[in-house]
Structure formats: structure tokens, C-alpha cells
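Here is a quick tour of one protein model, strand by strand and contact by contact. Have the structure open while you read.

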Amino acid sequence: MAMKQNGKAPVSSDSEERVMLFKDVSLGPHAAQLRFRLIHFWEARNPIKKTLIGLQMLLIDEQGTVIQGFIPPGRIKKYWPEMKQGSVYQLDNFYGSKNKPVYRVADHIATVSFTWNSEMSVLHEVPISFDEDRFRFHSYEDFEANCDLKGDLYDVVGHMKLVNGQTFIGLPILDEVEIETSRHIMLHVQSHDGPVMKLYLWDQAATDFCKKFNSCENTPTVLLVTTVNTKLLGGTLALTSMSSTRVFMDYDVQPTKDYFTWYAWLNPEIAKQVSAKVVTKRETLTIADIFSYMTQESAKCTATIDDVVHGSAWYYIACSACHSKATKGATSLICTNTRCGKVNTTGVAQYCAKISVYDNSEQAFFVLLGDAGRELTGRHASELVNSYFEANKNEGPDHEVPVPEALINTIGQTHKFCVKVTEHNFSGNTRDITVTKILSLDTPPPTEASVGNNIAATSEETMQTGNEVFEPSKSRGNSANEESKRTSASADPEKSKRPRCEK
């Protein structure tokens, strides 16, 4: 009998002669024996024809070396009944094939391929220890450098910011039937001090996430997703799941436990409390800085647009005189502002668009109102609405107007936003922030007086919604309140419709 150097257990010399470690696996046939733990296995299919290519596996040996395994489709039935994730196996005879250059899940140059004379058996009494798992974490810079290259698939661990657009202020609700139908979930995840990243989970990964998330007694915080592919979507980096992807949360595996400990230490409950001292100094802030205090004054932050929210109104029809919400009367449009009170007003489309933005600290939703939307797109909302109906003359007055390309084209752009933060942003169910002005990145900081004037002017266009308060001006009456309440209170917000602007 021979003793292993680590002294874990004795192994017979006859057995040792035939056992090969993963580090010694080379290309070509091998009449040798491998011992490994089966970390994970999944079907590999042709992305176009959907035909089965084979069964892919992720294996780890006693030294912690990870290698990829492959079973051809014609041999799957032979091994399938004995295959169980986490079990330890012995494999006699195999072929070392060259590891594929695209979508690799292991660093090793070879793949262990099962051949005609391969024999695999379960090791019920394991004389040596095997690691449970092994992960390959990379930084945001690494993901960015490998974007769209279809190269190695790496793992990511971080804390969740949004799940399908829902914040973690309350417990997000995930509909398993809806997710199974849509086949995907979109998350915003931040890893340590890196920027917020979009993460798309598809098919089985989306189903696994939903089941894990809904089964947690407490709202999970930490997420680990394996073998993600990096792509450029809408001008921004996004991570997408693959057929090999696995999902872990909070206390599932050691890396999530370690991350959870770090995150809990970094974010104690006391840090979530808002200081009673109101911060009034106007300076360039991060989104996290804005969320860290409540102020009735304005602030500025530099952020990148990563999405335009669909499914809700991106504009509303306003009174041409005061820009309050205009409603359809019997024969004309009526201004809802009691101080204006026009009963035969001309309707003008005004921006009321929600965008998703991020910086190096946080992710948030900004609401563009009036001139802020024009400053971003370079075009008035009324111009975009009229252009759409001119190109679609057969559409009726209640037709749903889609989000225009002028807004969609802003995805990926970085701007300096002047924003308005109120107490409701922290006490309500959402933390949507009103944008009062958009500055170019090289624009000198505005003075206190100029910003104050801008806030006063923009506040005349702000609206109150069911969950979001944007402080309507006293001179404006109830502004666009009723339309906005319907928009935010519904789980499926009313799409933007166009009453005829001229009556």
C-alpha cells in the first residue's frame, strides 16, 4: 500500500499505476483511469437546428484541477442512469480531444471524451477527498475585454440591484408561469466596487433562478451565476446565461457565503438609515450619493443610460398654455389645471419617459419631463408624435405610440443629469428620480442661482403618480396627476395613446 503525501488515505500501488491526474491528460487515446467528481452536466445542442450534439460535463479531480468532459449522443443512454451531480466516479479508457476554442468552461487544453471502450462506475467508498466545486471569477474589465469574442465563459458573483425592473425595497414578486412563457429574467448586478451590469438569464437558468428566489424565506441578496457570455447590447455590456449556467444565492456555496459576509459588513442596517441632517450643498454626486440622503434641493450626477423602459407612457398630452394634463371632453380637450381652466385647449405632447441609468456605484430609474427629454433626444415630444402619425396615417387616435428611435438611440450614452430628490423617493415603493436638466459632460457646473431658476421652471412640469411624487407646482393645480396615477398604479401600465392634439 502507498500513502498519499497529504496523508488522507492509503491507495493501492496497483491502482496508482493506472490513475491519471487531469494535469497529465494530453491529446489522444488513453488506456488509463480517471477519478473525479461530476460537478455539472448539460445537453449541448445545435443553436440553429436544435439537434443534440452530446452531453457536456464539468469534472474536478483530487488535486482540484477542472476539465471538461464530453459524451457523444449515441453513448449517452449507456451512462445516463448512473449520472448524478456531485457524485464521484472512476473512468477507464478515454480520449483526450482538443478543447474547443469557443464558449470554454475550463482552462485545460484537453476534453475527456468517452469512447467505445470507456467504462464509468460510481465510487461509493472514496478513499480520497474531492473539492465540491470550482469557479472562475473575473473582473468587469475582463468581461469588457472579452465582449462578443465568444471565448471562455466565466463566473460572476455580486449583489442584486433589480430583478425584472423591481427594486429590493420590498420583496420582488416573480411569476413562475410568466417567466416560463417569456423564457428569461433580466437582473442588474453589481460586483464589489465594479459598475452595475445587466444580466440576462434564459430558459433553464431563468427557471432555476425563479424557483430559488421564491423559495427563500428572506429576500436573497447575493447571486452567483456560472459560465456567462459577454455581449454588447444597446451599446452597453451585458452578461447572458448559457446552457451550462448554474445559479447560486446567499448561502448556497462558499463564494456566496464569503460575499454575503463582506456585503453584510459593508452595509449594516445603520448605514441604511437616512441622516436627519439635510444635505443642501450642490455638487456632482454618484447615484449612490443621491440615494443616501433626502433633500428638497437639486443635485447632479453623471450616469450612463442602459435602457428605456417600455410598457408605460413615454409622453402625455398637455395643455398648450400651461403644460398641465389635458383630458378629452365631449367636443374638445380640457385643461385639468383649475387655475388655467381652458375648456377648448390645444393638446401638445410632452415627455414623460422613464429611463434606466447606472454609474460605478448604483442603478436607478430617471424620469424625463418636458425640456429634459428634448435636451436628451434633441427633438420635442410633439415632433416625434406627429412624425409617427404622419408615417402611419391609417392609425386611429387611440393607437399605442411606441417608444421612438430618438429615445432608444440614447442607450449607452453618458450624460450629466440635474435631478430632483424628495422625501417620497425614500418612503415610497419606488425610488424614481425626476430629471430637471441634462448637461453635456464638458459643461461648467451651474451656479446656485441658475440651478434654482431651472428647478422652479421645471417644477411646473412635474407630476404626482401613485407611487412617485414629483411635487406639482402650486400654480399648476393637479398637472398630469390622474394619467400618471393610472400609469404607476397598474401592474401593466396603460400604453401611451394619442388623443387628437387639435380640437
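Three bridges join β11 to strand β13 (residues 236-240), and the two run parallel. If you want a spot to look at in that pairing, go to Leu199, which stands opposite Leu239 in β13. Keep in mind throughout that this is a predicted model.

On to the other partner of this pairing story: β11 also pairs with strand β10 (residues 184-190), this time in the antiparallel sense, over seven bridges. Here Met186 is the residue that stands opposite Tyr200 in β11. The β10 and β11 hairpin has five residues between the strands, and His192 in that hairpin takes a positive phi near 50°.

How much of strand β11 is buried? Six of the seven residues in β11 (residues 196-202) are, so the strand is largely enclosed by the rest of the structure.

With a relative accessible area of 42%, Arg183 counts as partly exposed.

Helix α4 (residues 176-182) is where you find Glu180. Glu180 is exposed, at a relative accessible area of 61%. Together with Asp175, Glu176 and Glu178, Glu180 forms a negative surface patch.

Strand β3 (residues 28-45) is mostly covered, with 14 of its 18 residues buried.

Gln33 has Asp92 in β6 as its bridge partner. In β4, Gln56 is the bridge partner of Trp42. β3 and β4 also form a hairpin with six residues between them, and Lys50 in the turn has a positive phi of about 65°.

**Salt bridges**

The structure holds 16 salt bridges. Here are some of them, with the N to O distance for each pair.

| Acidic residue | Basic residue | N to O distance |
| Asp133 | Arg246 | 2.7 Å |
| Asp307 | Lys198 | 3.6 Å |
| Asp252 | Lys212 | 3.0 Å |

Take Asp133 and Arg246, whose side chains meet in a salt bridge. Asp133 is in the loop between β8 (119-122) and α3 (140-145), while Arg246 is in the loop between β13 and β14 (247-249), so this pair ties together parts that are 113 residues apart in sequence. Asp133 and Arg246 are both buried.

Next come Lys198 and Asp307, also joined by a salt bridge. This pair links distant parts of the chain, with Lys198 in strand β11 and Asp307 in strand β16 (residues 298-308), 109 residues apart. Are these two buried or partly exposed? Lys198 counts as buried because its relative accessibility is 7%, below the 20% cut-off. Asp307 is partly exposed, with a relative accessible area of 22%.

Then there are Asp252 and Lys212, whose side chains meet in a salt bridge. Asp252 belongs to the loop between β14 and α6 (254-266) and Lys212 to helix α5 (residues 203-215), so to speak linking distant parts of the chain that are 40 residues apart. Asp252 is partly exposed, at a relative accessible area of 37%, and Lys212 counts as partly exposed too, at 28% relative accessibility. Elsewhere, salt bridges that share partners join Arg104, Asp107, Arg136 and Asp152 into one network.

Phi of Asp250 is near 25°, a positive value in a residue other than glycine. At 12% relative accessibility, Asp250 counts as buried.

Finally, look at His323, in the loop between β17 (315-319) and β18 (326-328). His323 is partly exposed, with a relative accessible area of 26%. His323 and Cys340 are 17 residues apart in sequence, and C-alpha to C-alpha they are 9.9 Å apart in space.

Note on methods. Residues are numbered from 1 along each chain as its sequence is written. This is a predicted model: local features need pLDDT of at least 70, side-chain atom pairs count only at pLDDT 80 or more; totals for chains, interfaces and linings use all residues. Side-chain values use heavy atoms; hydrogens and water are left out. Patches are made of residues with over 30% relative accessible area and no salt bridge: like charges are joined within 9 Å, nonpolar side chains (Val, Leu, Ile, Met, Phe, Trp, Tyr) within 5 Å. Accessible areas come from the Shrake-Rupley method with a 1.4 Å probe; for residues, only the protein chains shown count as cover. A salt bridge is a side-chain nitrogen of Lys or Arg within 4 Å of a carboxyl oxygen of Asp or Glu. Lys and Arg count as positive and Asp and Glu as negative; His and the chain ends are not counted. The place of a charge is taken as NZ of Lys, CZ of Arg, CG of Asp or CD of Glu. Helices (H or I, at least four residues) and strands (E, at least two) are DSSP runs, numbered from the N terminus. Buried means under 20% relative accessible area, exposed over 50%, partly exposed in between (1.4 Å probe, protein chains only). Two strands pair if DSSP finds at least two bridges between them.
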